[in-house]
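Subject: Structure handover

Hi,

Here is the structure I promised to pass on. Please open it next to this email and follow along.

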Amino acid sequence: MRIASISENQKIEKRIAITPDIAKKYIALGLKVSLSEKYGEHLGFKDNEYKELGVEISNKEVEVLGNADIIIQLGLLSDDNLAVLRENQTLVGVFNPYVNKEKIENLSKKNINVFSLEMLPRITRAQSMDILSSQANLAGYKAVIESFANFEKAVPMMMTAAGTIPAAKILVVGAGVAGLQAIATAKRMGAIVFATDVRIASKEQVESLGGKFLTVEGSENLQTESGYAKEASDEFKKKQEELLAETLKKIDIVICTALIPGKKAPLIIKENMIANMKSGSIIYDLAAIQGGNSAFTKVDEIVIKGGVKIMGETNILNKLPVSASNLYSKNVLNFVLNLYDMENKKININLEDEIIEKTLIK
């Protein structure tokens with residue numbers, strides 16, 4: 001059984017799916033590992049480091065892909081590389097099936113098994129495979145760091161002989177994994193932190209991290225059975241807008257993290273709200289690539305409106321690629337261990353297993 005991975009387009013994606021530590025574990029399990037030349041060099045992982053572990057390195061990507069049983073990537077392969085794939089191969093990664101529906105359907109017609117890991121169910125057994133949580137954790141942390149780097153005031157309260165500098169006030173929109181990490185990071189750095197979320201269950205988590213939860217009067221619990229946020233009612237949205245509009249007048253930095261799986265990001269921070277924010281404030285929009293939670297968000301641009309900086313990136317994890325790759329590769333290893341039948345040395349697509357059934361794109 002051969003596991004393979006080729007380099008991603010580094011202009012878009014700097015993370016890798018197989019680090020040397022994880023390659024070693026695959027090989028210890030009796031699996032063969034093949035990688036494209038200079039696969040991890042940009043992260044400091046030299047080809048020789050992989051070769052010493054027993055990894056096969058090739059300068060022909062077509063060969064690496066064609067000989068593989070399981071192909072592990074971050075994003076979907078290019079059209080040319082997809083054309084190389086053959087029947088009964090297995091492709092594992094984060095493939096956004098809502099956007100890449102046609103390409104994935106064509107792969108299914110060729111009897112290629114496509115597993116998209118962002119579709120993992122939120123169950124206890126899947127926690128070690130949960131790429132959304134591991135990557136969102138890093139994204140929430142880095143969003144705070146990037147915001148503070150662009151904020152032209154001190155963040156913690158500082159008392160000096162010349163006077164006192166008040167602590168910065170941070171609002172985190174969306175208290176999922178990324179939001180909770182943003183709250184924890186901002187709090188550790190001395191900020192006063194507020195948070196809002198459509199899921200009432202988030203209140204206790206926010207407060208346990210030292211944040212103040214903004215509650216909409218008469219809130220309904222907008223959480224799906226799988227633990228994700230769902231669309232809010234028009235009445236809830238109106239009440240939330242009124243609360244936010246008033247709160248944002250005193251906020252210095254907003255971290256937006258609200259996403260609904262498979263849908264455009266909800267627009268939460270409206271134009272009129274931004275108009276009333278203090279000049280010098282920052283909005284960092286982690287939902288930028290899916291349309292953004294804030295008006296004026298443009299991917300990979302800093303937009304300034306009335307002195308307010310609105311920021312959002314295609315892939316913030318490109319700024320933490322080593323840490324993100326280490327976590328992602330471990331998540332995928334755990335997924336492969338669940339998928340691979342060690343005793344019979346073959347892939348076992350057991351559709352009675354919720355993890356496999358939910359992630360297999362048919």
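In which loop is the place of Lys-38? Lys-38 sits in the loop between strand S2 (32–36) and helix H2 (47–51). Start there, as its backbone is worth a look. Lys-38 has a positive phi of about 60 degrees, although it is not a glycine. Lys-345 lies in the loop between strand S16 (340–341) and strand S17 (346–347).

One caution before the rest: this is a predicted model.

The whole chain

Now zoom out. The chain holds 12 helices and 18 strands. Its radius of gyration is 22 Å, close to the 21 Å that the globule rule gives for 362 residues, so the chain is as compact as a globular protein of that length. Along the principal axes, the C-alpha atoms fill a box of roughly 65 × 45 × 35 Å.

Buried residues make up 50% of the 362 residues. The accessible surface comes to about 17,200 Å². Carbon and sulfur atoms account for 49% of that surface. As for charge, the chain has 45 positive and 45 negative side chains. The centres of these two sets lie 4 Å apart.

Now consider contacts between residues at least 6 apart in sequence. Of these, 61% join residues at least 24 apart.

The sheet that ends in S18

Next, find an open sheet of seven strands with mixed pairing. Its order is S3-S2-S1-S4-S5-S6-S18. Which strands are at its edges? They are strand S3 (56–58) and strand S18 (360–361), and each pairs on one side only.

Follow the sheet towards S18. Strand S5 (residues 90–93) runs parallel to S6, and four bridges join them. Here Gly-93 stands opposite Ser-116 in S6. Strand S6 (residues 113–116) then runs antiparallel to S18, joined by two bridges. Phe-115 has Leu-360 as its bridge partner in S18.

What happens on the two faces of S6? Both are covered. Asn-113 and Phe-115 are buried on one side. Val-114 and Ser-116 are buried on the other.

The sheet that ends in S14

There is also an open sheet of seven strands in the order S11-S10-S9-S12-S13-S15-S14. Its pairing is mixed. The edge strands are strand S11 (212–213) and S14, each of which pairs on one side only.

Look at S12 (residues 253–256) in this sheet. Ile-253 and Ile-255 point one way, Val-254 and Cys-256 point the other way, and all are buried. S12 has a parallel partner in strand S9 (residues 169–173), with four bridges between them. Val-173 stands opposite Cys-256 there. S12 also pairs in the parallel sense with S13, over four bridges. In S13, Cys-256 has Asp-285 as its bridge partner.

Glu-301 stands opposite Gly-312 in S15.

Two buried residues

First, a loop residue. Ser-294 is found between strand S13 (282–285) and strand S14 (301–305). Why does Ser-294 count as buried? Its relative accessibility is 3%, and buried means under 20%, so Ser-294 qualifies. What does Ser-294 touch, beyond residues up to four places away in sequence? It touches Leu-267, Ile-269, Ile-274, Ile-283, Asp-285 and Ile-310.

Then a helix residue. Leu-138 is found in helix H6 (residues 131–150). Leu-138 is buried, with a relative accessible area of 15%. Leave aside its neighbours within four places in sequence. Leu-138 is then in contact with Leu-317, Leu-320, Ser-323, Ala-324 and Leu-327. How far apart are the C-alpha atoms of Leu-138 and Ile-316? They are separated by 9.0 Å, although the two residues are 178 residues apart along the chain.

Best wishes

Conventions:
Residues are numbered from 1 along each chain as its sequence is written. This is a predicted model: local features need pLDDT of at least 70, side-chain atom pairs count only at pLDDT 80 or more; totals for chains, interfaces and linings use all residues. Side-chain values use heavy atoms; hydrogens and water are left out. The radius of gyration is taken over C-alpha atoms; the globule rule is 2.2 Å times the number of residues to the power 0.38. Buried means under 20% relative accessible area, exposed over 50%, partly exposed in between (1.4 Å probe, protein chains only). Contact means heavy atoms within 4.5 Å. Accessible areas come from the Shrake-Rupley method with a 1.4 Å probe; for residues, only the protein chains shown count as cover. Lys and Arg count as positive and Asp and Glu as negative; His and the chain ends are not counted. The place of a charge is taken as NZ of Lys, CZ of Arg, CG of Asp or CD of Glu. Two strands pair if DSSP finds at least two bridges between them.
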